[in-house]
Amino acid sequence: MAQQLTTRATAKADGARGTTPLGANLIGGRSVPGEGPLTRNLFNPADATELVAAVREASPAQVDEACAAAAAAVPVWRATPPTDRARVLFRFRELLEANFDDLARSIVRENGKLLSEARGSLRRGIDVVEFACGIPSLLMGRTLPDISRDVDSYTVLEPVGVVVGIPPFNFPAMIPLWMMPLAVACGNAFVLKPAEKAPLTGTRLAELFQEAGLPDGVVSVAQGGKEVSERLIANPHVQAVSFVGSSAVAAAVYRAAAVHGKRVQALGGAKNYLIVLPDADLPRSMPALIGACFGCAGQRCLAGSALVAVGDRPRQDAVVETFVSAARALKPGDGLDEAATLGPVINQEHRQRVLNAIERGGREGARVALDGRGLSVHDRPDGCFVGATVFDEVAPEMFLAREEIFGPVVSVLRARDLDEAITLANRSRYGNSVSLFTRSGAAARAFRARIQAGMLGVNLGVPAPMAFFSFGGWKESFFGDLNAHGPDAVAFYTRKKVVTERWFGAEVPREGWV
C-alpha cells in the first residue's frame, strides 16, 4: 500500500511541478494558482528591488475546497497503520536531506536569514520529522488489567481530524515542520496557511511531503493573509489550529478558535531576558549573548532583547562595554555572503517599525550605546538592514523593556543582585524564555525555581528545546494547554479514548490463574 501511495503521489507532483507559479496552493493533491482578490509581491529582504515572487492568495472557495479535500482524506489516512505512516515520514526526511541546500537558499531569499541560520533552522525542523518517525511508539496507549474483578481498562489515541497550521514569517521551514509532520503522523490531514510574507519554502515542504507518498488531500496549502486564516479557523471540517506569531494575534486566534469549538495552541511573542551575574565567564558567554540578541536579525521568539548586567557599577560596565564592542563587530550583509554576520529584517515596512522603536527609546530617555540607524550595506543599498543597536540605562517601565521589537535592538538594564534581576524579568507580561549566565550552581537553582517563564537557559543564550521535548512559554507568550512538538504535540494532535471492558466467560477462577 505504501509503495502505491508513493508512486501515485510522486507522479502527480512531478507532472504538476513547473506548470504553476511559485507559491501556488496545494488542494486535493494538485498545485493550483490562487484565485483570490489579492496578489502579494515578495521582495528579497537583502535587496528590496528584487522581486522574488508574486503570490496570489486562495479564494474563499479554494479555502473551503482545501478543507473539504482534507476531510475526505482523513478516513483512509487514519486507517493507515502507524508503521506505514512512519515509512512516509522516513521518505519525507530523505527528500528534505536531498533538497537541503535548495531549501536553505529558499529561506535566505524570502526571509533574509544568513545561510548558516537558514541551515540551522532547517536542521531543527528535520529533527521534528525524525521524532515523528517514531510514531508507532508515540501512539502507544496505557493498559491496566483487572482494575476490578474481571474488568480491564486501556487508552487509545486517535487523530482529531483536520488540523490547520498557521506559522510566522521568521522561520519559513522550521515552524511548519514543528506542526505538519506530527499532525500527519498522528493520522490527521493538515492544511498549511504559510506566512504571507514568506510563503515559498513552506509550500515546497508540503510538495515534498506529497512526493513522499501521502494520499491526495492529507496535506494541503492555502495561501493568503488574515482573511484566509479566519476562514480556515471557522471552517466546520477543521478540528484543531496550531498558530505561531505575535501575542496580539495569538490571543485573537485563541478566541476565534474557541468560539468555533476548535482545539487550539497559539504561541505568541516574547521579551526574553538574559541575566549576566558577576561570576559569569564573560569571554565564553559573549558569543552566546551576541547570537541570542542579533541572530536572525532579532526576528525570533527566543531572541534575547533585554540584557541584565548584575553587580556593582564596575562589573555592570564591564559587561556592557564587552557586549557593545562585540555587537559593533557584526558585519551586515546578504545572507548568501559568507562574511556577513547580521542579515536584514523581513521587509521595508518592518524595518521602519524597528526604526520607530529605536526613536521612541531615545525619546523616553534611554542612552544609545550603539546606534544601528542609517546603516548602508555598500553592495546592497536597497536592503532592509538595521544595524545592531544597544540601549543602556533602560528603566523597567520604558517601552524598550516592555515590548517586543522583533529586530536587532537590545535593552540593557542594571541590577544589584540576582533577586533584583529575577524581579525585573518576572515583571514582563511575557514568559517565553529567560537565560542566566553564571558559575554558581546555587544561583542557577534559585533562578530555575523563581523565574516565571516556560523555557530557561543556563549559560545558553537560546534555550530552544529539542524535538523530543515540548516548546512553549508562559503568560502572554502562549495561549492554550498543549505546547509545540515533543510529547505535548502528540497529545494535541490526538484524542484519547478510555476503554473499560469485561468479557463474559473469561472470568478469573476463584483460585486464580495457574
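**View 1. Strands β5 and β6 pair up in the antiparallel sense.** Three bridges link β5 with strand β6 (residues 151-159); strands here are DSSP runs of E, at least two residues, and helices are runs of H or I, at least four residues, all numbered from the N terminus. To call two strands paired, DSSP has to find at least two bridges between them. Look for Ser-148, which stands opposite Val-151 in β6. Keep in mind that this is a predicted model, where local features need pLDDT of at least 70, side-chain atom pairs count only at pLDDT 80 or more, and totals for chains, interfaces and linings use all residues. Residues are numbered from 1 along each chain as its sequence is written, and side-chain values use heavy atoms, with hydrogens and water left out.

**View 2. Zooming out gives an open sheet of three strands.** The order is β5-β6-β22, with antiparallel pairing. β5 (143-148) and β22 (494-501) sit at the edges with a single partner strand each, so one side of each has no neighbour in the sheet. On average, neighbouring strands are turned by 30 degrees against each other, direction ignored.

**View 3. Helix α7 meets helix α8.** The axes of α7 (residues 174-185) and α8 (residues 200-211) come within 11 Å and cross at roughly 25 degrees (axes are lines fitted to C-alpha atoms, for helices over the stretch in contact, and angles run from 0 to 180 degrees between N-to-C directions). That makes α7 roughly parallel to α8, a label for angles under 35 degrees. Pro-176, Leu-177, Met-180, Pro-181 and Val-184 of α7 make the contact with Leu-205, Ala-206 and Phe-209 of α8, contact meaning heavy atoms within 4.5 Å.

Definitions and conventions. Angles under 35 degrees count as roughly parallel, over 145 as roughly antiparallel, 65 to 115 as roughly perpendicular and the rest as oblique.
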